[in-house]
Amino acid sequence: MLEYIKTFFTDYTVRNVALGSALLGILSGALGVYAVLRKRSLVGDAISHAALPGIALAFMLTQSRSPLILLAGAFVAGWIGMLMVSGVVNISRIKDDTALGIILSVFFGFGLVLLTFIQKIPDARQAGLDKYLFGQAATLMQGDVILMAILSAVSFLMMYLFWKEFKLLTFDPNYGSSLGFPMRLIDIMQITLIVIAIVIGLQTVGVVLMSAMIIAPAAAARQWTDRLFMMVLLSALFGAFAGVSGALLSSTTSKLPTGPVIVLVITIIVIFSMLFAPNRGIVWKYFQFHRHKMRITMQTVLLELYYLSIKHNYRTKSYSLTLLQAITPDRIGVKKNLRELERRGWVRLFGSSEWALTDAGFEHAQKITEKTSQE
Amino acid sequence: MLTREQEYAVEVEDLTVIYHEKPVLWDVDLRVPTGVVMAIVGPNGSGKTTLIKTILGLIKPAAGHVSILGRSYNQRRQVVGYVPQRNSVDWDFPTTVLDVVMMGRYGALGWIRRPGKAEKQQAHEALEKVGMSKFAHRQISQLSGGQQQRVFLARALVQDALIYFMDEPFQGVDAVTERAIITILKELKALGKTLIVVHHDLQTVTEYFDWVMMLNVRAIAYGPVKDVFNEQKLQMTYGGRTPFLNVVVAEKNAGNM
């Protein structure tokens, strides 16, 4: 770890890689929130795949390998892809998800054809365009990082300015439209920002896996919060963490592709969030359920003792465990429940298996019955 | 004196909406005078929601014309409030009740400007009116169906509109919510607002509304409840397949005697 920190300040490549992947994680994490909340997670997948022919065409037209030009191509192609998706949905009966699938595969297929074609051109300097498939963090230059920083800054400014409009679009677009907001335009603005976020990540994560950076951080963040702002913040943080740790791992270890490593890191964050987040986490829900169940059966045992002692007109008379088990529906838990009640000072153990209410237990049971009879 | 245009809160002429070559609304005419509380009734798929959405400019009609107080919707949107069906949104969205209600002010705020103290105050007042003050800071996924409906109503109230469109506000709500909605309807009517409500319960039409529109793709009839809400029109609307109609009409006649 210390080694990493030291190289961060001294090593030019490592610094670029770390900053670049942090930026990509922050931006895709933040904007991915909208895609996930609008149940349009596939959008990220479609845009990133649609970007591939843009990269290839940009190279063929300019013969340049500069990321600025190639990513401009990716942006245009991704954007056209998105417009075509809504076009297909508007003019035909094909649904959103199908349209996304069609555009994704058609564009990606076309991109692969172009890529193969480019590689067969002699003297094409073997452009190395195929690194855009799985990403290669080590190729990030300082210029790329500055470009990423500028684009991220512009995107965040837009998100800040149109926070209210984007929220309306995500929660209730029809209502927004009735208020007079041009929701179609706001939608295009939001999609454009998502396209930017994806294009920024292509160099590092690659076309194939970039969609994970849109979906996964947001899905993980949703587990931890019920506020949109916090969700955006957490999602950006998760994205940045995954981006940096994945990119550093892959750029310091040879033959480890960047995209897949970043995606593995974010997947671990998602799994952890699914399991352990309070309220929404699976483990949390499991324990909540059992705590609840325990409380109910415990109350049943306490009340059984209470009714028995009322019947015998003797508050602290003791009864055998066998008897209590026989009259309680869930007999297996009775002993455990009695121990828990004893810990709270509501029952007392006499001999080896005779249980009796304490005065405090009697009063508590009385309170419970009063409360239920009131309701 | 009111000009002819301003007499009508909502005026719909020859409205036709077509979805995938099938007419959903066919040549619908409607004139709703200002200050009227009108129910739109009709069987499932009769175009009730479509009519509201088309008036609000959410659906483009194939033919016809809509005007609000004599002008186009876009010119009048500041005076129109809307309560969509509550299941039209995802209630698991990460936000609070107060935040949703404040959305009602977004139209008046316009681009970029954020809701501030004044908007918060209005939202709290509206929540008070619908009996949801205690829930202001609740996450919206924790609400029951009736509470969700009241939040949507509060959101429309802060729009401070002249004409309100409500899509099935009574659908599947509890008794408390139903009473709250009726109280609000009465208050709004007393203030001279025009209310147009998609409604599914024929039993309560006479009780809650003073006008009714009967719709089944075509406008079968519209007007004051006492004039048009009769057996013949109901059978034309529902195709006479619903035996309870007779009961409704019988009750209504008994009430009129």
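Colleague: What radius of gyration does chain B have, and what would a compact globule have?

Modeller: This is a predicted model. Chain B has a radius of gyration of 18 Å, which agrees with the value near 18 Å that a compact globule of 257 residues would have.

Colleague: What does the C-alpha trace of chain B span along its principal axes?

Modeller: The trace of chain B spans about 55 × 45 × 35 Å.

Colleague: And how many helices and strands are there in chain B?

Modeller: Chain B contains twelve helices and nine strands. Of its 257 residues, 44% are buried. Taking contacts in chain B between residues at least 6 apart in sequence, 67% join residues at least 24 apart.

Colleague: Turning to the interface, how many residues of chain A are in contact with chain B?

Modeller: On the chain A side there are 20 residues, and they are in contact with 18 residues of chain B.

Colleague: Which elements of chain A give two or more residues to that side?

Modeller: They are α8 (163–171), α9 (173–178) and α12 (228–252) of chain A. The most comes from α9(A), with four residues.

Colleague: What is that side made of, by class?

Modeller: The side of chain A that touches chain B has nine nonpolar, six charged and five polar residues.

Colleague: Lastly, how is chain A divided into domains?

Modeller: Domain 1 of chain A covers 2–277 and domain 2 covers 284–374. The centres of these two domains, taken over C-alpha atoms, are separated by 58 Å.

How values were computed. Residues are numbered from 1 along each chain as its sequence is written. Chains are lettered from A and ligands numbered from 1 in the order in which they are written. This is a predicted model: local features need pLDDT of at least 70, side-chain atom pairs count only at pLDDT 80 or more; totals for chains, interfaces and linings use all residues. Two residues are in contact if their C-beta atoms, placed from the backbone, lie within 7 Å. Ala, Val, Leu, Ile, Met, Phe, Trp, Tyr, Cys and Pro count as nonpolar, Asp, Glu, Lys and Arg as charged, and the others, Gly among them, as polar. The radius of gyration is taken over C-alpha atoms; the globule rule is 2.2 Å times the number of residues to the power 0.38. A residue is buried if 20 or more other C-beta atoms lie within 10 Å of its own, exposed if 12 or fewer, and partly exposed in between; C-beta atoms are placed from the backbone. Domain bounds come from an automatic or database domain assignment.
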